Amino acid sequence: MVAIACDIGAVPSVRALGEADEEWKRSTLRAGWGSTQVARLGELVDAAGLPGFVAELDGEKVGLATFAERSDGVEVVTLQALIEGRGVGRALLDRVRARAEESGAERLWLTTTNDNARAFAFYQRWGMDLVRLIHGGVEASRRVKPSIPTVGQNGIGLRHELEFELWM
């Protein structure tokens, strides 16, 4: 994670990613995911080609969200807050939700891994429900992206994927 100096009381602003953000988007994805490709549900998705949003505080880029419009709703493919506890993730999800509503989607969803305990609480506070455990799901994703580590946050073994959703 990069150290970013921001006014403590500032509120993140969110805007659509633009052409000038492409290199930053790619480097942020690589820093967070090891490449621009993310795997979930045994499928590899190149997040560099997806639309998204950037969060800024005091003119500094502090967060990234990418999403995909699917037949069953809008999927949040990546969500990265480069600073924690400042409302970056919330601001990004709020903007993705607004975009989903604008497109007429009825469902917003995402998949995460079993080690992401802090995110579980965040997603539920934000209004999402845990709707599915994909037991052994990380192994299927590791087949398409072998660089996925076996141990994740807080020393927890990466084994399962969890799906959270919000009906609008």
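The chain contains 4 helices and 9 strands, in what is a predicted model. Read from the N terminus, the elements follow the order β-α-β-β-β-β-β-α-β-α-β-α-β.

The average pLDDT of the chain is 94, and 95% of the residues score at least 70. Residues 1–5 should be read with caution in mind: the pLDDT there is below 50, and this stretch makes 11 contacts in the model beyond near neighbours in sequence.

Next, the overall dimensions. The C-alpha trace spans about 40 × 35 × 30 Å along its principal axes. Buried residues make up 47% of the 168. The accessible surface amounts to about 8,500 Å², and carbon and sulfur atoms account for 50% of it. As for the contacts between residues at least 6 apart in sequence, 68% join residues at least 24 apart.

I come now to the sheet. Which order do its strands take? The sheet is open, with 7 strands arranged as β1-β4-β5-β6-β7-β9-β8 and with mixed pairing. At the edges lie β1, residues 13–16, and β8, residues 129–134, each of which pairs on one side only. Neighbouring strands are turned against each other by 30 degrees on average, direction ignored.

Helix α2, residues 88–102, packs on this sheet and touches β1, β4 (52–57), β5 (60–70), β6 (73–81), β7 (107–113) and β9. The direction of α2 makes about 160 degrees with that of β6.

Finally, helix α3, which covers residues 117–126. Which of its residues are buried? They are A119, F120, F122, Y123 and W126. In an α-helix there are 3.6 residues a turn, so residues three or four places apart point the same way. The buried residues of α3 pack against β6, α2, β7 and β9. Two of these strands, β6 and β9, are also touched by α2. After α3 comes G127, with a positive phi near 120 degrees.

Methods:
Residues numbered from 1 in each chain as written. Predicted model: local features only at pLDDT ≥ 70, side-chain atom pairs only at ≥ 80, totals over all residues. Heavy atoms only, no water. Pairing = 2+ DSSP bridges. Helix = DSSP H or I, 4+ residues; strand = E, 2+ residues; numbered from the N terminus. Axes fitted to C-alpha atoms, helices over the stretch in contact; angles between N-to-C directions. Contact = heavy atoms within 4.5 Å. Buried < 20%, exposed > 50% of the residue type's maximum accessible area, 1.4 Å probe, protein only. Areas by Shrake-Rupley, 256 points an atom, 1.4 Å probe, with all protein chains shown as cover. pLDDT = per-residue confidence, 0-100.
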